[in-house]
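This report describes selected features of a protein model.

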Amino acid sequence: MKKFALTVLFALIATAICAQDYYVYVTAESEDEVSIIKFDGKKAETIKNIPVGVWPQEIEGPHGITVDPKGEYWYLSLAHGNPYGKLYKYKTGTDEMVGSVELGLFPASMQISPVTGLLYCVNFNLHGDMVPSTVSVVDVESMTELDQITTGAMPHGSRISADGMKHYSVAMMSGELFEIDAFNLNVARKLDLDEASKSLVDHSTMDHSKMDHSKMDMKKDEKAEAIDHSKMDHSKMDHSKMDMGGMKHSAFKPTWVSPHPQKNLVYVAGNGSAEILEIDTDTWKATRKFITDKGPYNIDLTPDGKMMVVSYKTAAKTGIWDLETGKEVARLDNSQKVTHGVAISSDSRYAFVSVEGKNADPGMVDIIDLKTLKVVDTAYLGKQAGGIAFWKVED
């Protein structure tokens with residue numbers, strides 16, 4: 001009897017430990033809504049839709065979203081302004097809007113430093129000229145823009161280092177990684193990612209069996225005549241050498257950067273080159289290259305630093321990487337087309353992946369169990385699911 005009672009007690013304790021609810025915020029960019037997704041370990045559901053924006057007749061495009069380090073407020077960028085976009089501040093729980101401030105052209109992704117308490121939001125400038133844009137720095141207490149720091153063309157992927165001292169972003173069109181001093185509010189360093197990528201040759205992808213060595217002794221003129229232009233793959237041309245109005249257009253086409261939670265490393269998504277670069281922030285050099293599926297877009301790392309989860313936007317898949325071995329341990333189909341954002345739970349257990357869909361398709365959030373490496377459930381929300389942020393886990 002005593003043994004049975006102990007067995008029941010242990011079972012109840014195990015059930016209580018496992019009974020956790022996970023909550024994420026996700027935007028529906030073509031619906032002007034933000035949804036709260038709840039996941040209880042088995043089932044995912046949309047428990048609340050929050051209307052956002054101020055013009056009912058206009059699609060204002062909620063794009064970037066983040067929750068502050070204490071989980072008390074969430075922040076949202078509305079990208080489509082007249083002409084500038086805005087940043088809005090909401091109280092978690094009640095989801096009441098408590099402040100706003102105008103930023104730059106098409107404000108996008110953002111994050112708050114736990115050290116400075118400031119929010120850093122990239123102004124993506126989607127519809128503007130291909131010129132350098134900025135990172136807005138906001139005092140979230142007063143909702144005041146303190147500064148705009150000039151970086152590169154179409155900045156994206158705004159993320160803070162684990163120690164809160166550095167801000168990282170990438171410039172999608174000019175192909176650069178920027179490091180901003182979170183205190184001094186200036187660009188400390190920048191890195192040409194096209195050149196960094198070339199410095200790491202991935203020999204495993206080279207097919208030497210298809211090289212025609214018989215033509216290697218041809219004269220220069222004969223070589224030129226032997227080129228069959230009909231078979232050239234222009235998608236693989238190095239656009240980084242093209243002079244487009246005086247500005248380099250990147251072939252690497254970076255769209256995201258994620259710092260490692262413990263090490264002095266950042267990981268950059270090369271959307272145009274189908275690869276992830278690992279950058280050592282001590283040496284400011286590329287140290288590893290991860291060859292991915294088509295269109296790597298967003299990246300998140302597990303808080304324990306062991307895994308990297310990457311959304312493959314073009315391929316409609318999600319890749320899961322073991323950072324110690326550098327191997328992709330799973331490549332999963334998403335629920336529909338156009339995979340977008342990734343947010344990982346604070347306990348490193350689940351990845352929440354937003355999927356835009358096409359045309360009138362609903363947006364979706366796929367939940368991936370990082371232990372079993374399987375999609376365990378999907379939640380539905382408004383059209384064009386985009387920015388996603390983990391909020392909390394509770395018993």
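## The largest cavity

In this predicted model, 16 residues line the largest cavity, and those nearest its centre are Ser-109, Trp-256, Asn-298, Gly-387 and Ile-388. Two or more lining residues come from each of the strands β4 (62-67), β8 (107-112), β12 (155-160), β22 (296-301), β26 (339-344) and β30 (385-394).

The space in this largest cavity amounts to about 140 Å³. The count of cavities of 30 Å³ or more is one. Sorted by class, the lining of the largest cavity comprises seven nonpolar residues, eight polar residues and one charged residue.

## Nonpolar cores

The largest nonpolar core contains 18 residues, and Tyr-120, Phe-124 and Val-137 are the ones that touch the most other members. Strands β9 (118-123), β10 (132-139) and β11 (144-153) each give two or more residues to this core. The largest share, three residues, is that of β9.

Leaving aside residues up to four places away in sequence, Tyr-120 touches Ser-109, Met-110, Gln-111, Ser-113, Val-135, Ser-136, Val-137, Ser-158, Ile-160, His-167, Ala-182 and Leu-185. Ser-109, one of these contacts, is also among the residues nearest the centre of the largest cavity. A second, separate core has 17 residues, including Phe-39, Ala-44, Ala-343 and Ala-385.

Strand β4, which gives two or more residues to the lining of the largest cavity, is mostly covered, with six of its six residues buried. The strand pairs with β5 (residues 73-78) in the antiparallel sense over four bridges. Within this pairing, Pro-62 stands opposite Leu-78 in β5.

Five residues lie between the strands in the hairpin of β4 and β5, where Gly-71 adopts a positive phi near 75°.

Ala-269 belongs to strand β19 (residues 265-270). Its relative accessible area is 0%, and Ala-269 is therefore classed as buried. Beyond residues up to four places away in sequence, Ala-269 is in contact with Phe-252, Lys-253, Pro-254, Thr-255, Trp-256, Glu-275, Ile-276, Pro-296, Tyr-297 and Ile-299. Trp-256, one of these contacts, is also listed among the residues nearest the centre of the largest cavity.

Thr-292 lies 23 residues from Ala-269 along the chain, and the C-alpha atoms of the two residues are separated by 9.5 Å.

How values were computed:
Residues are numbered from 1 along each chain as its sequence is written. This is a predicted model: local features need pLDDT of at least 70, side-chain atom pairs count only at pLDDT 80 or more; totals for chains, interfaces and linings use all residues. Side-chain values use heavy atoms; hydrogens and water are left out. On a 1 Å grid over the protein atoms alone, a cavity is a set of points where a 1.4 Å probe fits but cannot get out, and a pocket is an open set with protein on both sides within 12 Å along at least five of seven lines; lining residues have an atom within 4 Å of a point. Grid points are joined across faces, edges and corners, and a volume is the space filled by probe spheres set on the points. Ala, Val, Leu, Ile, Met, Phe, Trp, Tyr, Cys and Pro count as nonpolar, Asp, Glu, Lys and Arg as charged, and the others, Gly among them, as polar. Buried means under 20% relative accessible area, exposed over 50%, partly exposed in between (1.4 Å probe, protein chains only). Contact means heavy atoms within 4.5 Å. A nonpolar core is a set of buried Ala, Val, Leu, Ile, Met, Phe, Trp, Tyr and Cys residues joined through side-chain atoms within 4.5 Å. Two strands pair if DSSP finds at least two bridges between them.
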